[in-house]
Amino acid sequence: MLTLFAFILALGLLIAVHEYGHYRMAVACGVKVLRFSVGFGKPLLSWRRPGNPTEFVVGALPLGGYVRMLDEREAPVEAAERHLAFNTQPLRSRAAIVAAGPAANLLLAVLIYALVNWTGVEEPKPVLGSPAPASVAERAGIQGGEWVVQTAGPDEAPSDVGSFDGLRWRLTQAALSNEDMTLWLADAEGGTARAVILPLAELDVREADASLFQRIGIVGPWSDPVVGEVMAGGAAEAAGLREGDRVISIDGQPVGDGQRLRALIRAGVGPAGQAVQQQWEIRRASLPLQLVVTPAPERQGEAWVGRVGAYIGAAPEMMTVRFGPLDGLWQGTVRTVEVSWLTLKMMGRMLIGEASIKNLSGPLTIADYAGKSASLGITQYLLFLALISVSLGVLNLLPLPVLDGGHLMYYLWEGVTGRSVSDAWMERLQRGGVAILFALMAVALFNDVARLAG
């Protein structure tokens, strides 16, 4: 129920903001708006405001919306109102009205990011957990426990790292851009920083998924390798583990943090899923103990992983990231620009075959993320809304005939040639645009089903 509510709320809000952008610009340009609708199909609600010619509607199918304006191409217009019709407006006004929808979504993202920056968000400190085996980070000499002070890409000045989430975002940008990144690392006490280069350009990044950070090696922040709540009937309870036990080593391999502990547990099964005993050295209330733990095999996709039936690793050390009024607004603008540019780059790479079309997500994935983010709290849900709002704004600016960007391409042609696109060509382009859009939606829906089934 939470997933459905969060999805409908997100969809309704983002569509309403998009269409409101069109509506407000149309009114500002002197165009008569006949209907403002959020949703398609049979109206569930409709109303008019005194002195306003616009009918406001909430449709039964919340998968889009529209703003219907007075237009001679759709219906006869009285001579007295011809100056209020959309098609009689100058080119700059028509282009502004069309562009205002995507612009409203991008502006909403800026405001949401700024609001989160102003109120503050709790994020893990940028202290690295143990790197994943055979990863870029491990080969670069990262061991875990290092504090990331600054980062820089090629030909960039070093910039401070505010949190672990901020570090992951910079790594994502660099990996998807096939650029190396330099990290300046210090110990937890803030000692002298040393520079480490992560050769991210060597990664074949076709999908922006969880495996990307496994290959980079920076999976999670540092946390104490302690046992949390022990589940009844699990392998941890059977072995005699208790909440608060600190794990020192497993089968003679040192356990430096919670990330390393989880990795050793997951690896504690045979290749065919057979149970394997592990020798655990733990410390309980300053007393050393030796325990035999047998992780329970569990099938995960094509592989077998070990589970012990307990929460593993303490919560990472957190910090409050907060900005002042101007800095918060600026950082919100920067994040919106960064996400927009990264989205465009990924679309371009998919178009030329350098990125997998598996990166496309549809309504099922969006609904799933909406529910998960809402369950984590209002801040995470707001960040989800900002991300989807950017995606909606960028998508609508693509030069596809049925989208706002396609109409802007028509107006660009008109501005360059001095004549509008002919009705015959308009019809052909619209049909082609619809076909492309339906193909993209089919791929996205297929990806959704594959993700949820996996």
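Q: What makes a set of residues a nonpolar core?
A: A nonpolar core is a set of buried Ala, Val, Leu, Ile, Met, Phe, Trp, Tyr and Cys residues that are joined through side-chain atoms within 4.5 Å. In this predicted model, the largest nonpolar core has 51 residues, of which L167, L183, L198, L200 and I218 touch the most other members. Helix α10 gives the most to this core, with eight residues, and a second, separate core of 18 residues includes L241, V255, I265 and W280.

Q: Which residues is L167 in contact with, leaving aside its neighbours within four places in sequence?
A: With those neighbours set aside, L167 contacts L128, V148, T151, V161, L183 and I218.

Q: Why is H18 called buried?
A: Buried means under 20% relative accessible area, and H18 has 6%, so H18 is buried. This histidine lies in helix α1, which runs over residues 2-28, and touches G101, P102, N105, N396 and D404, not counting residues up to four places away in sequence.

Q: What makes the pairing of the H18 and H22 side chains a polar contact?
A: The cut-off for a pair of N or O atoms is within 3.5 Å, and the side chains of H18 and H22 make their polar contact at 3.2 Å.

Q: How do you know that the span of helix α10 agrees with its 19 residues?
A: At 1.5 Å a residue, residues 378-396 should span 27 Å, and the end C-alpha atoms are 27 Å apart, so the two values agree. Among the buried residues of α10 are Y381, F384, I388 and N396.

Key:
Residues numbered from 1 in each chain as written. Predicted model: local features only at pLDDT ≥ 70, side-chain atom pairs only at ≥ 80, totals over all residues. Heavy atoms only, no water. Helix = DSSP H or I, 4+ residues; strand = E, 2+ residues; numbered from the N terminus. Buried < 20%, exposed > 50% of the residue type's maximum accessible area, 1.4 Å probe, protein only. Polar contact = N/O pair within 3.5 Å; in protein donor to acceptor, adjacent residues only side chain to side chain. Contact = heavy atoms within 4.5 Å. Expected span 1.5 Å × (residues − 1).
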